[in-house]
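Welcome! Please open the structure in your viewer and switch to a cartoon view, then follow along stop by stop.

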Amino acid sequence: MIDDPSEESHPDVADTAPRLPAVHDPAVYWDSLPIVRPNTETLERNHIITAMRSHPAHAAFDMLRTRLMQALADQGWTRVAITGPTHGCGSSFVTTNLAFSVARLESARSVVLDLNLRAPALHGMMGLPAEHAMADYLQGALAPEEFLLRSHANLAFGLNNAPANNAAELFQDTMTSDVLDELQDLLSPDLILFDLPPALEHDDVLAFLPNVDGVLVVAGAGELTAEDVTKVEQMLSEVKPLLGVMLNRAEGKLSF
C-alpha cells in the first residue's frame, strides 16, 4: 500500500522542490497503484479467455481490440462505454476480455471502471477484492491511487463493493466529471473502459454518456430482439458515436 505522507516528517523546501514534477508524472501514479492477481480458476469459470489465450475465440477479442484502438487513435479518443440493451447480454464479459487483450499491448495503458452501480460484477468475474465503493470514488472521497488496483503493469481496475440505486443522479453530478478528468490527467491512459448497466432498463447510461467519446454495444444472442438492438442503437447514437455492435453468444465466430 502507499505510505501515508501524514506519517512522515515534513522535509524542508529544498528537499521537496526537486520532487514536485514527479507528482504529475503518470508513471509515478501507475507505480503507486497496488498490484493484485486475478484468480485463474475464477477467470476460467467466467470464460475470460483472453487471460490465458488457450481458447481459439480469443482471436475475436484481439481483432476487436485492434479495430477499436485504431478507431480511437484516428479520432484522438480514449473513453469507451460498454453496454447492452438488456440484462444478460454480457457487457461485463466483453469488457473484461477486451481489457486483458489490450493489456498485451505493452505500450498501451488502460483503466477499467465498473460503473454498473446497480449490479457490480467485475470483481466477481476475476476473483479480485473490491475494497471501496465506486460511489465514494466518483464523489471525490478517494484518490486514484487509493481506489485503483493493477492486475498488469499497464492495466488498472476500479472495482465496486457496494451497489447504489442513485447511479443516474451520481453520474450527472459535476464531481463525477471532475474525478474522471483528474484520472485522465494523472494516469494519462490510452484507453478507459466503462462497464455500464443495460441501456434500456434505466437512464444510467444516458446520464453517463457525456463523459465518454463513444459507445460499444454488446448484443446477447437469444437474450433480446432485433427491435431492442435497433432501439438502443438509435438512442445512444443520438448522444455519442456508436463504435460498434458486438454479437455475444452467437454460434460460429463472434461478430462486431
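Here is a short walk through the chain, starting with the whole and moving to its sheet and helices.

Keep in mind that this is a predicted model. Of its 256 residues, 48% count as buried. The chain exposes about 12,200 Å², and carbon and sulfur atoms supply 49% of that area.

Next, select the strands. They form an open sheet of 7 strands with mixed pairing, and reading across gives the order E3-E4-E2-E5-E1-E6-E7. Now colour residues 149-152 (strand E3) and 242-248 (strand E7): these two stand at the edges with a single partner strand each, so one side of each has no neighbour in the sheet.

Zoom in on residues 79-83, strand E1, together with residues 191-195, strand E5. The two run parallel and are joined by 4 bridges. Show the side chains of valine 80 and leucine 193: valine 80 stands opposite leucine 193 in E5.

Then select residues 174-187 for helix H11, which lies across E1, E2 and E5 and runs at about 155 degrees to E2.

Among contacts between residues at least 6 apart in sequence, 81% join residues at least 24 apart.

Key. Residues are numbered from 1 along each chain as its sequence is written. This is a predicted model: local features need pLDDT of at least 70, side-chain atom pairs count only at pLDDT 80 or more; totals for chains, interfaces and linings use all residues. Side-chain values use heavy atoms; hydrogens and water are left out. Two strands pair if DSSP finds at least two bridges between them. Contact means heavy atoms within 4.5 Å. Axes are lines fitted to C-alpha atoms, for helices over the stretch in contact, and angles run from 0 to 180 degrees between N-to-C directions. Buried means under 20% relative accessible area, exposed over 50%, partly exposed in between (1.4 Å probe, protein chains only). Accessible areas come from the Shrake-Rupley method with a 1.4 Å probe; for residues, only the protein chains shown count as cover.
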